[in-house]
Amino acid sequence: MAGKTYVGIGGWTFEPWRGVFYPDNLTQKRELEYASRKLTSIEINGTYYSSFKPASWAKWKSETPDGFVFSMKASRFCTNRRVLAEAKESVERFVNQGLVELGDRLGPINWQFMGTKKFDVEDIAAFLKLLPTQAGKLPLRHALEVRNDTFKDERFYDLCRKHNVAIIFAHDPDFPEIDEPTADFTYARLMSAEDKVKTGYKPADLDKWAKKAKAWTKKGDVFIYFISGAKVRNPAAAQALIERLS
């Protein structure tokens, strides 16, 4: 049975989106409400820098429609460290901050490593064991975003398969591009939108991503985010891909 595809952007607050994505007369407090009805998912980036109270998570859920899903970046205190195996306390603090308030809006967690972090089989194995399978009664899905070529290693792929952890497919010339089916879902971050193209990506490129997304759904749910690049164009890129997949 094919999985569902969720397409979106990183965050929902970005001043240049006003008049381009958001109507000029839309109040800022209604931006999430608006964005969640134009897109099918959003990756919360603020969680990388700070934690949020349960009331914030509950508020985000209340402002979004049924079927909408959030992914989120894990705290940098979990991943920006020399020894990942020592992150147990930070991982628990992140998972237990209140994200369970999202309920059925809860999508995967992106554990993003710095570009200087190299693959160490023992350290990665220990880190994967720290990732909980549940938060409260909600199942958790985990994805690793690696940014060093040393992770192009079959031992890394095998470890991720063992723990049902996705390796994020990153489309960016500066990061390794790994398309390995290591989990029952796929997580992709497309980071090459162009400012001169109204939809961020040219129609032929969007057709290519739509075809790839449909192939990924054979392995389960798919989460695709237009991130970075010409950020002002990312909402248009996401909407154009959603249209192709509908």
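**Exercise 1. Describe the open sheet of 9 strands and identify the strands at its edges.**

*Solution.* The strands of this open sheet follow the order 8-7-4-3-2-1-11-10-9, with parallel pairing. Strands here are DSSP runs (E, at least two residues), and helices are DSSP runs as well (H or I, at least four residues), each numbered from the N terminus. Two strands pair if DSSP finds at least two bridges between them. Strand 8 (166-167) and strand 9 (169-171) stand at the edges, because each has a single partner strand.

The model is predicted: local features need pLDDT of at least 70, side-chain atom pairs count only at pLDDT 80 or more, and totals for chains, interfaces and linings use all residues. Residues are numbered from 1 along each chain as its sequence is written, and side-chain values use heavy atoms, with hydrogens and water left out.

**Exercise 2. Determine how strand 1 is joined to strand 11.**

*Solution.* Strand 1 (residues 5-10) and strand 11 (residues 221-226) run parallel and are joined by 5 bridges. Within this pairing, glycine 8 stands opposite tyrosine 225 in strand 11.

**Exercise 3. State whether serine 71 is buried or exposed, and find its side-chain partner.**

*Solution.* Serine 71 lies in strand 3 (residues 69-73). Serine 71 has 0% relative accessibility and counts as buried (under 20% relative accessible area; exposed is over 50%, partly exposed in between; 1.4 Å probe, protein chains only). The side chain of serine 71 makes a polar contact with the side chain of tyrosine 187 (3.1 Å). A polar contact is a pair of N or O atoms within 3.5 Å; within protein, one must be able to donate a hydrogen and the other to accept it, and residues adjacent in sequence count only if both atoms are side-chain atoms.
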